[in-house]
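Here's a quick tour of one protein model, starting with a close-up and then stepping back. Have a look at the structure before reading on.

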Amino acid sequence: MRRGLQALVIIGAMLAFYYFGFGIFGSTAGTIISIFSTLTVISIGLGIFMENRNPSTTMSWILLLALIPVLGLVFYFLFGQNVFKRRKYDKKAQRDLMAYERIENDALRMHQDWSVFSPGRQKLLGLSQRLARTPISFSSETRILTNGEETFGTLLLELRQAQHHIHMEYYIFRADHIGTRIQQILIEKARAGVAVRFMYDAVGSMQLSRAFLKELSDAGVQVAAYGNSTSFFSSRVNYRNHRKIVVIDGDVGFMGGLNVGDEYLSRSKTYGFWRDTHMLLRGEAVRTMQIIFLQDWMHTTGEKILEQDYLSPQLRFTTGDGAVQIIASGPDNERRALKNIFFSMITSAEKSVWIASPYFIPDEDILTALRVAAMSGLDVRLLFPAKPDKWLPFLASHSYFPALLESGVKIYEYEKGFIHSKLLIADGEIATIGTANMDMRSFHLNFEVNALLLQTESVSRIVADFERDLLSTRQIVHETFMDKRLLERLLESAARLMSPLL
């Protein structure tokens, strides 16, 4: 029996004694067991307190343990422990840092002329490079792919042209129409001698059948699942690989918000039109994506394949197309690279801050930064779905709206379908696009990957798409928003208490 299930059984037995001990063992034994169980809850709460976590996270756990000790203990065991994280991800962080320093050492140390950018932008680039420890490229091409049709059409075309290798990493991969089309290309390429590595997250892609995966492996595709050994009764389920990365021949890369599934092609009756944003990259920046994938692969499989054959992109020198940086973030990154870069973009903006995110659960730093920006006269806008795909995060997100609206933030509900784009745009000239939502799970728990774009043509496309999306929205009015039923407001407030845990 696995350690996780064993501990859960012990907790269950202890809690059963807590509630039923009097009847089974008599008053004396029941009292002793109840006292022991209560002390256990108190000791765990004290342990959380002494870990010096984020105050809101600490209070959420202590409140949960105090009000609902049964569920509190179970949820803490599954989602709250830091022991697995420290033991597993500290090693990954050290290996990743060594890989960046060994492979991209020259690029990181090379003096780059940033004089074309304002002092504020230069400061942001310097911060981003120090936090992410990845180089900033001026020799890369980027192209925004709007929605599923453009994204998958381009992806299928590039996959068919692969000659040396295909590396694919997704949070959600479905065995539906589009998933099967991609599977067949991977099988065809593997049989033709192309090295194909396919990695998926065991939680996000739990519906992938063994038969689907066996077809891949039988054809020579190397298949790996992040968190492959997890059952629900494991703390590992809380740390998910939310990245979407495809690297082809080391020269072409794909990243962004789209997983693989028919709903991302607007074929779902539940969600209807699916609005999303992805990106195609060529050239130097793809090497960073390649390193991220190869390090994830090694972490999952133990196989080390940081070979030159995979690290030599065809450099495409461009002039005047701005800067591109690939940024990885996750529970192995104590610097909270993406969260702090988001914070810096917001606080250094001079004119506008535009955000699109399907889940909006900010911590106090981001919330305060947005409110101060709006009160300072900046044009701060949040683009958010009008209908949910997950009710609990949806309700929790709404609990943050009153404070934002009072500060002057403009919030727009997207009504055409479901918006899944994950964007942050500052002053119309710098943007991030990738897998990270504007929520605490993306900041602290998930493995994410974003691209920072400064004064590239892709930023102009992102701005144009955002402005077009606003045409399919309804702006939330503060007075109307606050005039809602008491029950709805209570549900939002209750969901907010769980925000640090979502």
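How far does the backbone nitrogen of His164 lie from a polar atom of the side chain of Asp249, and what is the distance in Å? In this predicted model, the two are 2.7 Å apart.

## Around Asp249

Asp249 sits in the loop that links E5 to strand E6 (252-256). With a relative accessibility of 25%, Asp249 counts as partly exposed. Leaving aside neighbours within four places in sequence, Asp249 touches a run of residues: Gln161, Ala162, Gln163, His164 and His165.

## The annotated site

The unreviewed UniProt entry lists Asp249 under "active site", along with His242, Lys244, His420, Lys422 and Asp427. Of these residues, Lys422 is included in the lining of the largest cavity.

His242 is found in the loop between strand E4 (222-226) and strand E5 (245-248). Is His242 buried or exposed? His242 is buried, because its relative accessible area is 8% and the cut-off for buried is under 20%. Beyond its neighbours within four places in sequence, His242 has contacts that include Lys422, Tyr171 and Phe447.

## The sheet behind the loops

Stepping back, seven strands make an open sheet with mixed pairing, ordered E1-E8-E6-E5-E2-E3-E4. Strand E1 (140-146) and E4 are the edges, each pairing on one side only. From one strand to the next, the twist averages 15°.

Asp201 stands opposite Tyr226 in E4. Helix H10 (residues 285-301) lies across several strands, including E3, E4 and E5, and runs at about 80° to E4.

Terms used: Residues numbered from 1 in each chain as written. Predicted model: local features only at pLDDT ≥ 70, side-chain atom pairs only at ≥ 80, totals over all residues. Heavy atoms only, no water. UniProt positions renumbered as here; feature names shortened; annotations may be inferred. 1 Å grid on protein atoms, 1.4 Å probe; cavity = no way out; pocket = protein on both sides within 12 Å on 5 of 7 lines; lining within 4 Å. Helix = DSSP H or I, 4+ residues; strand = E, 2+ residues; numbered from the N terminus. Buried < 20%, exposed > 50% of the residue type's maximum accessible area, 1.4 Å probe, protein only. Contact = heavy atoms within 4.5 Å. Polar contact = N/O pair within 3.5 Å; in protein donor to acceptor, adjacent residues only side chain to side chain. Pairing = 2+ DSSP bridges. Axes fitted to C-alpha atoms, helices over the stretch in contact; angles between N-to-C directions.
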